[in-house]
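Below is a short briefing on one protein model. Look at the sequence and the structure first, then read the notes by topic.

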Amino acid sequence: MIAPDLFVFGGVRRNARGKSMPAVTMASSTAKPLAKPQRVFVLFDKHAEVRPGDIAPETVAKQVEAAAKSARGDSRVSRLELEAVATPSDPYDVDAVLAQLGDPSAPNEKSVVARLRRCTGPVGVGFESGTPAQIAALVELCGILGLETWALWLNERGQPESTRILDKREGTRSLREELDHYGKLPKGRSLLLVGESGTGKSHRARALHERWNPRRTDRFGEVNCAALPEHLLESELFGYKKGAFSGAATDKPGLIRECDGGTLFLDEIGEMPLPLQGKLLDVLQLDEKFRCHFRPVGATKRETASVRFVFATHRDLHARVREGAFREDLLARISTHVVKLSPFRAARHRVLAAYLRYLISIRSAFENASFHFERRAWLDLAKLAFDDDAPWSWNHRDVQQSAERLAFDAWAAQKYAPEASGRVMLTSRELSVELARLRQSWDERGSSASADEDEWAPVREALAPGVWDELPLLQRWEARYLWEARRAAGGNGAEAWRRLEERGVYVRGRTTNPSDAFAKRWRVFDWR
């Protein structure tokens with residue numbers, strides 16, 4: 001167990017029917033001496049309706065104080081601090097709770113944020129009282145502030161347990177602080193978002209656009225560079241003039257023109273074809289008024305626009321440069337300002353808030369039902385979120401799929417016996433089924449990755465020792481194609497070359513002697 005400098009607890013916990021529940025509180029069981037007394041503060045809703053049987057915030061605070069003193073074996077607990085917050089009408093709206101707790105960019109604000117900023121030691125967040133939104137918001141807030149954070153709860157035998165959620169972060173900004181920082185980026189500057197698939201790059205790009213355009217009068221455009229072939233992507237970006245090609249009956253403005261004054265988001269920039277990369281490099285050469293210049297397809301004159309570009313990729317662009325698939329000068333142009341989005345396995349404090357946000361967003365699909373966790377189900381989900389063995393390999397997509405399945409299971413189970421209030425309880429039964437699904441999915445993805453790796457094993461073994469590790473990715477693929485074609489052709493070089501031409505590996509008709517052509521490419525590699 002730990003000895004936090006500060007204990008943070010939510011207010012009175014109510015069940016799905018709105019009845020007041022006993023406020024179970026806990027504290028550290030160590031008696032490690034502290035240089036200063038421990039502090040405890042309790043959040044409560046200052047607008048909450050007082051109901052018969054409700055537990056007053058002062059009573060919760062006294063229970064926390066007594067538990068802390070009893071667990072420590074001494075009286076090193078300072079006076080209790082009560083923090084009144086305006087809890088939103090929706091007890092699962094994490095963003096509304098965060099707004100009530102305070103803005104992390106305002107250090108002098110008299111709020112929970114200001115109190116947490118003064119904390120130098122570990123922070124213990126109690127999971128036994130308060131709404132899930134309060135708890136998730138507190139955990140996310142501690143992550144924003146870079147505090148060492150522990151989750152505290154009671155096990156089935158009523159004994160206190162804790163797990164570390166966050167390590168102390170010093171000298172670096174949180175993701176929210178990074179976005180607040182780059183929200184002040186001047187006009188004409190570009191930004192590169194780097195992160196695994198599912199880390200929310202598109203969502204972050206939209207959030208930055210809203211910071212740059214608070215009135216939301218300018219357009220946000222986006223295009224996936226991996227989803228369109230080269231000629232269509234060029235037309236989508238630059239537009240075209242009437243008669244530029246067959247079917248171009250009228251002029252069509254491209255996204256660069258349509259986003260003049262706004263933001264253009266180019267997702268999967270690492271997959272952009274090389275010829276287009278050169279044209280984009282020319283566009284990013286701004287004039288003295290920070291305007292870009294571009295030429296629509298079929299046009300004779302260049303046009304101008306004032307556009308902020310946001311690029312995103314899940315690739316290692318430096319590796320793509322070494323492979324010859326990405327221009328180094330373009331990478332130098334777009335990498336002035338880079339934001340790296342951490343995967344969930346490196347930012348587990350965001351998982352619970354992501355679940356709650358998505359459960360709110362899908363209500364309309366379930367007849368506007370409101371989803372509520374049973375206490376045991378909520379604790380089980382928290383334990384999974386903070387489990388180091390949970391890979392969360394699809395990041396937000398893992399959470400979205402899991403939350404939707406969980407909501408559907410609970411909603412379908414209660415569809416023919418719904419509560420009058422429209423509440424749907426997410427019980428430990430549905431959660432245990434969903435956790436089993438999640439773990440099975442993670443195991444299957446791991447097995448698939450191993451299977452994909454095994455596909456390369458014959459080629460690695462056919463090459464001389466140590467050769468495979470020195471080959472760039474493109475040459476690994478060429479070696480694999482050569483080896484597979486030779487095996488399929490029974491060692492016949494001419495037949496193997498014809499197979500490679502049919503697959504599009506080499507251009508058809510470039511050689512009159514396919515056997516020699518195959519032998520020449522085969523000798524490029526050092527085979528056993």
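A search of the whole structure, which is a predicted model, finds 30 salt bridges.

- Glutamate 148 and arginine 164 form a salt bridge, and their closest N and O atoms are 2.9 Å apart.
- Arginine 164 has a relative accessibility of 39%, so it counts as partly exposed.

**A salt bridge that belongs to a network**

- Arginine 257 and aspartate 260 meet through their side chains in a salt bridge, at 3.6 Å from N to O.
- Arginine 257 has a relative accessible area of 26% and is therefore partly exposed.
- Aspartate 260 is partly exposed as well, because its relative accessible area is 37%.
- Which residues make up the network of salt bridges that includes Arg257 and Asp260? The linked residues are Lys241, Arg257, Asp260 and Glu303.

**A salt bridge between an exposed and a buried residue**

- Arginine 429 forms a salt bridge with glutamate 430, and the closest N and O atoms of this pair are 2.9 Å apart.
- Is arginine 429 buried or exposed? Arginine 429 is exposed, because its relative accessible area is 53% and the cut-off for exposed is over 50%.
- Glutamate 430, in contrast, is buried, because its relative accessible area is 6% and buried means under 20%.

**Cavities**

- Rolling a probe the size of a water molecule over the atoms shows where empty space is left.
- How many cavities of 30 Å³ or more does the structure hold? The structure holds two of them.
- The largest cavity has a volume of about 40 Å³.
- The lining of the largest cavity is made up of Lys187, Gly188, Gly261, Gly262, Ser306, Val307 and Arg308.
- Sorted by type, the lining residues of the largest cavity are one nonpolar, four polar and two charged.

**Residues with a positive phi**

- Phenylalanine 290 has a phi near 60 degrees, which is a positive value in a residue other than glycine.
- The position of phenylalanine 290 is in the loop between α9 (274-283) and β12 (292-294).
- Phenylalanine 290 counts as partly exposed, because its relative accessibility is 42%.
- Tryptophan 392 is not a glycine, yet its phi is positive, at about 45 degrees.
- Where is tryptophan 392 placed? Tryptophan 392 is in the loop between α13 (375-385) and α14 (396-414).
- Tryptophan 392 has a relative accessible area of 0%, so it is buried.

**A pair of residues separated along the chain**

- Leucine 473 is part of helix α18 (residues 473-488).
- The relative accessible area of leucine 473 is 31%, so this residue is partly exposed.
- Leucine 473 and arginine 320 are 153 residues apart along the chain, and their C-alpha atoms are separated by 8.8 Å.

Technical notes
Residues are numbered from 1 along each chain as its sequence is written. This is a predicted model: local features need pLDDT of at least 70, side-chain atom pairs count only at pLDDT 80 or more; totals for chains, interfaces and linings use all residues. Side-chain values use heavy atoms; hydrogens and water are left out. A salt bridge is a side-chain nitrogen of Lys or Arg within 4 Å of a carboxyl oxygen of Asp or Glu. Buried means under 20% relative accessible area, exposed over 50%, partly exposed in between (1.4 Å probe, protein chains only). On a 1 Å grid over the protein atoms alone, a cavity is a set of points where a 1.4 Å probe fits but cannot get out, and a pocket is an open set with protein on both sides within 12 Å along at least five of seven lines; lining residues have an atom within 4 Å of a point. Grid points are joined across faces, edges and corners, and a volume is the space filled by probe spheres set on the points. Ala, Val, Leu, Ile, Met, Phe, Trp, Tyr, Cys and Pro count as nonpolar, Asp, Glu, Lys and Arg as charged, and the others, Gly among them, as polar. Helices (H or I, at least four residues) and strands (E, at least two) are DSSP runs, numbered from the N terminus.
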